[in-house]
Amino acid sequence: MTGGVHESLKQRYQQRIIRLRPLFPNVPDFIFEELLECKRVASFQLRVRVHAGPPQHLQAFIALHCNPYDTGEDPYKGGLQKGVDVTQEKIEGKAMNMTEKVGAFDLQLGGGKAGIILKPGFIYTPQDHAEIDRAFVVEADKMGMIGPRVYSTATDQGTTEFDSDCIAREYINLHEGELGSKRGVATGKSIECGGHPARKNATGRGGLIVLRKFLHTTVRLDSATADPTIVIDGFGNVGRPTFLLAREFGLRPLAVSDINGGIYNAHGLNVEDVLAYYEKHKTFVGYKDADVITTKELLGLPCDILIPAAAENRLTEDNADQVKARCVLELANGPTTTEAEKILTQNGTTIVPDVLANAGGVIVSWRELNNNKEHDRHSVELPREEKDTNAVLESIMEENTARVLVIHAEKKLSFRDSVAHL
Ligand code: NAD
């Protein structure tokens, strides 16, 4: 596949399931057949009043892939993505990826995902987003497709804790007076709405814990520097905390970008300065102590570790040959196409796969969900100290990474396929 045409995320995960089949001869066929499609998919329209112009009709999707714990208590889990490029195939593919992730980390959850297609060129205000979230919950609730025991959403591309808060408030509103857990309908909420203090940084922190283990054991860097260099593609829920935490993990960030472009300093970026600048201006444009680069240029910069944390299909057969990093840490979901993976592997680049690298988010979401359940049942909360949860996250991520490394060595599988054996 050339010229920017790739397999869809859904096709990629279906191919993966087919490819993995022979590795599990004792698993019956019907299990693998079940994994090839989502158990339930809803495609529905939202009618939303926005701040300017007529009401908009927005297409929404919820894909529930597979939930071995579907006993009426443990939900399908996966974020809500909003954007102009959302498609049903992408949401189904991401739901499939979630099933593998929650399975690999033994979380008592199923894999799900939701998406809403926004209108290109329209600038949505926070009030518009609140209206979209409200309509999403109302419509999904009518179909029985959302709830803390059915499908619990979270932040993903184009959504933040603001959206998780709006979703939780609307769901609580709709179910006022009913017994049972409600706030767990969404995770990644603000602390005031029942969020977990460790959730915001969890995907980045988890990924850097995994990376540290790979750097200590497997990845041979060209530069023998004490502080390996990184570049980060994407500066949202995942990319920004990764940048913030980089130095805590002994890493030196050289470049960052959002969808409009980025900045690069071969000696290293000043983390506090960049964060403060971006917070104030919501862009890297005009930042003084670095060179301006395009998102395309960022992927080919000389560095030790490249961290795609923006979107799917960022590394393709068209640019994989330009990657100079010795290691790609996949914090986005599906950032590497199948063709790009072949090229990177041939070039000796280690790929730390998304299902392992970015699981920190759903691990802490799971804790948030359990905290919410406990609170709703008994009006008390399980302890939710950030440092305690970070310690739990660290041991879970380290343990699973160590197991993946052993499986990789023993079975001679790629790291991605080794995760399937966890
Ligand atoms: P986000 O919308 O908060 O941030 C995305 C960032 O990438 C933004 O800076 C955006 O400008 C940039 N970007 C988006 N599309 C781009 C493109 N085509 N080219 C270059 N830059 C682009 O999203 P997020 O929540 O940080 O999610 C990023 C990725 O990580 C997604 O693949 C998501 O599924 C995955 N992920 C998210 C979480 C989470 O907790 N939010 C957890 C695990 C995995």
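User: Which residues lie nearest the centre of the second largest pocket?

Analyst: I31, L35, C66, T99 and E100 do, out of 34 residues that line the second largest pocket. A pocket is an open set of points on a 1 Å grid over the protein atoms alone, where a 1.4 Å probe fits, with protein on both sides within 12 Å along at least five of seven lines; lining residues have an atom within 4 Å of a point. This is a predicted model, where local features need pLDDT of at least 70 and side-chain atom pairs 80 or more, while totals for chains, interfaces and linings use all residues. Residues are numbered from 1 along each chain as its sequence is written, and side-chain values use heavy atoms, without hydrogens or water.

User: Which element gives the largest share of that lining?

Analyst: That's α3, with 7 residues. At least two lining residues each come from α1 (9–20), α2 (29–35), β2 (56–66) and α3. Helices (H or I, at least four residues) and strands (E, at least two) are DSSP runs numbered from the N terminus.

User: Why is E89 called partly exposed?

Analyst: Because its relative accessible area is 36%. Buried means under 20%, exposed over 50%, and partly exposed in between (1.4 Å probe, protein chains only).

User: What about T337, buried or exposed?

Analyst: T337 is buried, because its relative accessible area is 3%. You'll find T337 in the loop between β12 (327–329) and α10 (338–346). Apart from neighbours within four places in sequence, T337 is in contact with H6, E7, R12, N313, L315, T316 and E317.

User: New topic! Which residues come nearest the ligand?

Analyst: G158, F235, N237, I259 and N333, from the 22 residues around the ligand (a heavy atom within 4 Å).

User: How many Å is an oxygen atom of the ligand from the side chain of D156?

Analyst: The distance from that ligand oxygen to an N or O atom in the D156 side chain is 3.0 Å. For R199, a side-chain N or O atom is 2.9 Å from a ligand oxygen. F235 uses a polar backbone atom instead, 2.9 Å from an oxygen of the ligand.

Conventions:
Polar contact = N/O pair within 3.5 Å; in protein donor to acceptor, adjacent residues only side chain to side chain. Contact = heavy atoms within 4.5 Å.
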